[in-house]
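The following paragraphs examine a protein assembly, beginning with the contact between its chains and then turning to one chain by itself.

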Amino acid sequence: MEEKIVVRKKESAGYRPSDLVKLGVMTALVITVQVAIVSVFHITGVAAIPGIMQFLTAFVSSVVLFIATRKIPKAGAFFIITMTYGIITSIFMGPYIGIGIIAGGGAGELVLKVFNGYTSKWAAVFALVVFRFVFSFGDIIQMTVTRVTEVDIIWYFITIRLAGSLAGAFAGALFGKSLYERLRKSGVVL
Amino acid sequence: LRHGDLLTGLDSYSKFKHLDPRTKIIFLFIANFIVLAGRDILSLSIFIVMAVLLLLSEKIKYFIAILVITFLWWFFISYFLGSLTGEIVDPFRLFIGLVIKGTTIGSITVWFMFSATTYEIFNAMDRMKFPVSITLPFLVTVRFIPTMANEFITIRDALKLRGIYRSVFDVFKRPVMLFNCFIVPMIIRSMKMSEEIAIAAETRGIGASVRKTRYYETGFCKYDFYFFFFWVIYLLLTFLTGVIYA
């Protein structure tokens, strides 16, 4: 009996491969929903309106990330998701945004750790806003250094992008919080 | 025997199949970095390299498609936003940034997607001593992005059948409803899927503590050295041309 308890404690302290698989699937969801939104808004031309894209991508990614941190409430889960997301983004979109995502993930994980965010929902909301804030800086650095478009580096566009991102992260985290409650009541998550 | 392509699931065709995946990843990082942070002449040079690589890979149609899309975006931004804000002073710079750099980055992604398999990437990361807590989620993520995309298409078709979603412009007519109809089922589906996959993986012994062996062996070979050699010479020549030109 004693031996069994020891084994269980050992397992819960670290990550089982099944946890890592779950984190991988949630990361895939984060990326897919953002790509879907970006595609739709580019096709329709709405992406040209400053701040809209940032708001929406921050919103959906925060919803998914909030649910993910509830589903796998282990220290480091948030950082693993953002690390994976950051590496994939680095490969396909360049290093600046990728580093921004990883740094944001680190900052978010720190907030979760300090404020006990894997159990406290408001701390998780705060962590998501912090993550998006740092992530947005990576985005801004990329467009300033690379000058991919002249439009993006106009100062008030940068401010709008940043504000859109933060508002989206906050609203998304709140929506994720209420959605999680709904899912829990309906028995989808335990 | 080779695994399927990264995103298409088709058999690997690639003329670059002899290259070690680490070579492809290193090329990807360097090329992306140069395009994003390098001088215009270097971006232009890699734009040409990517056109040649996609031509050799018989994927030139993707290059052309990305070129057309970025060109249309450049046109739209230059004339629409330019007249709106009055602050786009240099359409030529915008052209370099959006069309040349944008097409190059998109083409690098396409080339990598069609020339490397998920198994190869996993193998490469494993050999580069990445921790399992990163490689396993990475592998699952890369493997599941197309599955998620298919789920999206399935949900979209179901919504079309019910008359809820007819065209992409319905996003503006019923945004909240569409958000609920698309995203919430996606989240629930992914959570269920992640449970099922995790159970399947555990059953197949993913957590076994024994040392895992590789079914496909990878390693650097002469092609990798040729590739790097030509790549370095090309970059050097471009850089020198740029210096002389400047």
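Across the interface of chain A and chain B, 2 salt bridges are found, a salt bridge being a side-chain nitrogen of Lys or Arg within 4 Å of a carboxyl oxygen of Asp or Glu. One of them joins A:Lys71 to B:Glu195, with 2.6 Å between the closest N and O atoms. H2(A) gives the most, with 18 residues.

The model is predicted: local features need pLDDT of at least 70 and side-chain atom pairs pLDDT 80 or more, whereas totals for chains, interfaces and linings use all residues. Residues are numbered from 1 along each chain as its sequence is written, chains are lettered from A and ligands numbered from 1 in the order written, and side-chain values use heavy atoms, without hydrogens and water.

The contact (heavy atoms within 4.5 Å) takes 59 residues from chain A and 61 residues from chain B. Together the two chains bury about 5200 Å², 82% of it on carbon and sulfur atoms; this is the accessible area (1.4 Å probe) lost on putting the two parts together, summed over both.

Chain B itself has 9 helices and 0 strands. Among its contacts between residues at least 6 apart in sequence, 74% join residues at least 24 apart. Of the 246 residues in chain B, 46% are buried, that is, under 20% relative accessible area (1.4 Å probe, protein chains only).

Methods. Helices (H or I, at least four residues) and strands (E, at least two) are DSSP runs, numbered from the N terminus. Buried means under 20% relative accessible area, exposed over 50%, partly exposed in between (1.4 Å probe, protein chains only).
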